[in-house]
Amino acid sequence: MSERGYLGELELMLLLAVIHLGEEAYGVPIAGELGKYRKSEVAVSSVYAALERLEAKGLITSALGDPTPERGGKAKRFFRITKEGMRQVHEMRCALTRLWQTLPDMKMDAPKES
Amino acid sequence: MKRREPPQLATWMLRHLTAGYRDEAVDGDLLEVFGLGRSNAWYWRQVSVACVHSWCSNLGARGPALLFALLWSMLSPAWYTTIASIETSSAVSRASQLFQSIWLPLALIGWMVIHTAFFWAGLLVYRSVHSILLKPLRQQSVHRSFWIAALIFPLISGGTFMIGDLYWYSIPGLCQARLAPSFVGQVSDLSFLADFIRFPYFAAMLIALWGTVHEGRIDGVDDPFIESTTNPI
C-alpha cells in the first residue's frame, strides 16, 4: 500500500474526470464532470482548490494553454494525470473491486420500512 | 450581438480580494461559463466561493507559520524584561557616560542587534522544526525571512510604541501594570501589557515567515505525464 494511503472520494472523482477528459481537461469541463458524478453543481473555484492539492501531491500536473477571446483573453489551465496519479487510481480501483467481490449480490433499491 | 459582461464589481473582487497566488485560468473559466448564459447571481456566487476558498487555503498553508509566530512571541515579554534589565544595569550606565557623544547611534545599533538575535534564533528553530516535521524550507526564502524580520521589526515596534505612548494613560491601570518577575510568569502572562509587548514580535515574525510558504506554480516543468489520452485503466 502507498504511504499516502488511499484517495478520498473527491480526489478519485477529480482524477477520473481528468483521465476521462484527456486533452480537454480544464476547469469548466472538470467541474461539469464532477457535477454529473455528484448530481449537484460544483463551484469552479472549489474544483481548482482541489486540483491544486492534487498537483501539490504530484498526482496531476498542469500547463497554461493559449488565451481565447470567448474567455476575455484568458488562458485555460489544462490538467493531466501523472504516472503516480494513475498508479494511485489503479490501486484504488483494485482495492474497491476486492471489497465488492467479498459482498453478496445486493439489490440497489432502498429497504422498505415496515 | 453584444457580448454580456459579468458584474464589474464581482470581477474586481475576483482579481483583488482573493488571497495569494492565482492565475488567470479561474477568471477565464468563469467568463466562459457566464458567456454561455449563466446569471449574474451565479457569477457572484462563484466569485464569493473563490474569495473564501483562496483565504482559507492561504491561511491553511500558513498554519505552521502562524502557530510558530504565536508561540515564539509568547517568549517576548521575558526577552523584553531581560533587555530592560541590561539597559538599567550599571555597566550600561557607565558605558553611556564613557561614550556620551556617540551613545545614541551605539544604543540603536545595540537594540537592533539584540532584537535581530531574538528573531534569527526563532527563525533557526522554525527552519529546523519545519525540516523535521514537514519538509525543508527553500534556502532562498529562509534567507529572505531573516532580513525581513530584521528590517520590519523596528518599523512595527516603533509604530506600536508610538500608539502605546499616546494611549498609555487613557487605558485604566496600564501605566501601573507590571510584568511578572519570573520567566514562566512572563511567558504565561496574558495581560494587556504582555500582549502589547508581544504584538510587534508576533507581527514581525509572521511577516518574515509569510514568504517561506511557496504558492506559485512553475509552468513547463517536466513531469512524468501519462502519454495516452484514452482510458488506460
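Reader: What does the model score for ipTM and pTM?
Author: It's a predicted model, and it scores ipTM 0.82 and pTM 0.62.

Reader: OK, and what's the average pLDDT of chain B?
Author: Chain B averages 83, with 88% of the residues at 70 or above.

Reader: Which part of chain B falls below 50?
Author: That's residues 216-233 of chain B. The stretch still has 26 contacts in the model, leaving aside near neighbours in sequence.

Reader: And among the elements of chain B, which have the lowest and highest mean pLDDT?
Author: Helix α6 of chain B (residues 90-98) is lowest at 84, and helix α4 of chain B (residues 63-74) is highest at 92.

Reader: How many helices and strands in chain B?
Author: 10 helices, zero strands.

Reader: What share of chain B is buried?
Author: Buried residues are 21% of the 233 in chain B. As for contacts between residues at least 6 apart in sequence, 81% of those in chain B join residues at least 24 apart.

Reader: Switching to the helix pair: at what angle do α3 of chain A and α3 of chain B cross?
Author: Roughly 25°, with the axes of α3(A), residues 44-56, and α3(B), residues 40-61, coming within 8 Å. Angles under 35 degrees count as roughly parallel, so α3(A) is roughly parallel to α3(B).

Reader: Which residues meet there?
Author: A:Val44, A:Ser45, A:Ser46 and A:Ala49 meet B:Gln46, B:Val49, B:Ala50, B:His53 and B:Ser57. In that contact of α3(A) with α3(B), four residues are nonpolar, five are polar and none is charged.

Definitions and conventions
Residues numbered from 1 in each chain as written. Chains lettered and ligands numbered in written order. Predicted model: local features only at pLDDT ≥ 70, side-chain atom pairs only at ≥ 80, totals over all residues. Axes fitted to C-alpha atoms, helices over the stretch in contact; angles between N-to-C directions. Helix = DSSP H or I, 4+ residues; strand = E, 2+ residues; numbered from the N terminus. Parallel < 35°, antiparallel > 145°, perpendicular 65-115°, else oblique. Contact = placed C-beta atoms within 7 Å. Nonpolar A, V, L, I, M, F, W, Y, C, P; charged D, E, K, R; others polar. pLDDT = per-residue confidence, 0-100. Buried ≥ 20, exposed ≤ 12 C-beta atoms within 10 Å, placed from the backbone.
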